[in-house]
Amino acid sequence: MKVLIINGSPHDNGTTRTALAEAEGVLCAAGVETEVIRVGGKPISGCLGCGHCRKTKSGCVMKDIVNEVAEKLKEADGLIIGSPVYYASAAGALVSFMDRVFYSGGKHLAYKPAAAVVSCRRAGASTTFDVINKYFTINNMPVVASNYWNEIHGNTAEEAAQDEEGLQTMRILGNNMAWLLKCIAAGKAQGGEPQKEKKI
C-alpha cells in the first residue's frame, strides 16, 4: 500500500510540511509506503481547457509535473494533499495543479481514500479545506477524516510544531488513512467493489 503526499506549499519545510510529516510518520509506522512531492515550488499553469488529455489519453498538453504526478497516482492507493492558506483559499499553484491532474487523470482516482491538510497562521482553514475536499468528492474518493478538521496553526514550522492539537489531528488522520486502506484491501480481496453506473 502506498500513499502519495502532495505538498502544495512553496516552502519545502514550512508549516504545511510539518503537518504532513506528522501524518506520514504514522502511515510509515503502520507499514504504508509514502512518497512526498512538492508542487508549490515551481510555477504551474492553469488548465487551458483544450481537451488534449481527453482526446489523446496521453496526459496534459503542458509537459510539467502534472503528468509526472498523474502517472504516480495511477499506482497509489491513497492521497493526501496539503496547502497553506492564501487569502482564505488554497495556494494558487496547487489549485492549478489540482484542476489539471483531476481533469486529465481523475478516472484513476476513484475509490482511493483522500485527505486534505491545511496549515494557516490564524483563519481561512475551513474554506481552504472545503476547496480541496471538493476535488475528492467529485471523483468517488472516500474522504478521510480525523477527530477535528485536518488543520494546523502557526506562522512558521517551529510555531506549527507547538500546536499539540493540530499535531494530534494529523496523527489520527494518518491512523485513519492506514486503517481505511487496509479495510479497502480486505474488501477487494472478498470481491467487493462499488457498483459502477454510467455517468449522466
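Me: Helices (H or I, at least four residues) and strands (E, at least two) are DSSP runs, numbered from the N terminus. How many helices and strands does the protein have?
Reply: Seven helices and six strands. This is a predicted model: local features need pLDDT of at least 70, side-chain atom pairs count only at pLDDT 80 or more, and totals for chains, interfaces and linings use all residues. Residues are numbered from 1 along each chain as its sequence is written, and side-chain values use heavy atoms, leaving out hydrogens and water.

Me: What pattern does the protein follow along the sequence?
Reply: The pattern reads β-α-β-α-α-β-β-α-β-α-β-α-α.

Me: And what box do the C-alpha atoms fill?
Reply: Roughly 50 × 40 × 25 Å, along the principal axes. The radius of gyration is 16 Å, which agrees with the value near 16 Å for a compact globule of 200 residues. That radius is taken over C-alpha atoms, and the globule rule is 2.2 Å times the number of residues to the power 0.38.

Me: What percentage of the residues is buried?
Reply: Buried residues make up 46% of the 200. Buried means under 20% relative accessible area, exposed over 50%, and partly exposed in between (1.4 Å probe, protein chains only).

Me: OK, helix H1. Which residues does H1 cover, and what should they span?
Reply: H1 runs over residues 15-29. At 1.5 Å a residue, its 15 residues should span 21 Å, and the end C-alpha atoms are 22 Å apart, which agrees. The expected span is 1.5 Å times one less than the number of residues.

Me: Which residues of H1 are buried?
Reply: Among them are Thr15, Arg17, Leu20, Glu24 and Leu27.

Me: Take Glu24. What is its relative accessible area?
Reply: 15%, so Glu24 is buried. Its place is in helix H1.

Me: What does Glu24 touch, not counting residues up to four places away in sequence?
Reply: Ile5, Arg17, Thr34 and Val36. Contact means heavy atoms within 4.5 Å.

Me: What follows H1?
Reply: Gly31, with a positive phi near 85 degrees.

Me: New topic: Ala88. Where is its place?
Reply: In the loop between strand S3 (78-86) and strand S4 (89-90). Ala88 is not a glycine, yet its phi is positive, about 60 degrees. Ala88 is partly exposed, with a relative accessible area of 40%.

Me: And Asn140, where is its place?
Reply: In the loop between helix H5 (125-137) and strand S6 (151-153). Asn140 has a positive phi of about 60 degrees, although it is not a glycine.
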